[in-house]
Amino acid sequence: MNNRVDFVIKYSVFTALSLLAVYLCQTASRDWINYQWLFSIDTKKSWEQVFSEISIFKEPIYYLITKLGGEIVGFSTLIAILTTATLITKLHYLSKIVPPAYVICFFYICSYFLLLDTTALRVAYAMAFTIPGFYYLQKKKVTLSFILVSLASQIHLTAILFVVIYPLYFIRYLNIVVF
């Protein structure tokens, strides 16, 4: 019974934080206008044009999802869904890496993560893959970890910088740096 209550409280707080991030993203962020402008450009492109422009260096996962999802539910709703899902995912895996959930929430509120989820959306979405990637690396599931970081780089190319963690992981004496 106590575990279920803890679970409900933990994910209620995670959901509340993500809804706060969605609200701030769409109301208080100056970047929101730029995202809407970029989305309006993407909606004018045909699917053939979108597919012809796909490259691993142009973050195809993000653009394909926003094109498809934006046409189905609209851009604002899509961003709300993505922000909520990715933020809950990040907080879930962070709470597995650093156990007390209240510590994760504290650092989330006090750190740049709130800024990321309200302004730098592609970076925030990519982090939703890199954080589980670090978790699985810690659990010695290197292949799954590498796949997640590779997927993150297809949402935001700078996530490829997290590949630096793998040589550090395999060098025994530097393992303490990683974990």
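Predicted model: local features only at pLDDT ≥ 70, side-chain atom pairs only at ≥ 80, totals over all residues.
Biologist: How many aromatic pairs does a search of the whole structure find?

Modeller: A pair of aromatic rings is described by the distance of the centres and the angle of the planes. Rings of Phe, Tyr and Trp (its six-membered ring) pair if their centres lie within 6.5 Å; planes under 30 degrees apart are stacked, over 60 edge-to-face and the rest tilted. The search finds 13 aromatic pairs. Phe106 and Phe107 form an edge-to-face pair, with 5.3 Å centre to centre and 75 degrees between the planes. Phe7, Tyr11 and Phe14 form one aromatic cluster.

Biologist: Which charged end sits over the ring of Tyr62?

Modeller: A charge sits over a ring if NZ of Lys or CZ of Arg is within 6 Å of the ring centre and within 35 degrees of the ring normal. Arg122 has its charged end over Tyr62, 5.9 Å from the ring centre. Lys67 lies over the face of Trp47, at 5.4 Å from the ring centre.

Biologist: At what angle do helices α1 and α6 pack?

Modeller: Helices (H or I, at least four residues) are DSSP runs, numbered from the N terminus. Axes are lines fitted to C-alpha atoms over the stretch in contact, and angles run from 0 to 180 degrees between N-to-C directions. Helix α1 (residues 2–27) and helix α6 (residues 101–110) pack at about 10 degrees, with axes 11 Å apart. Therefore α1 is roughly parallel to α6 (angles under 35 degrees).

Definitions and conventions:
Residues numbered from 1 in each chain as written. Heavy atoms only, no water. Helix = DSSP H or I, 4+ residues; strand = E, 2+ residues; numbered from the N terminus. Parallel < 35°, antiparallel > 145°, perpendicular 65-115°, else oblique.
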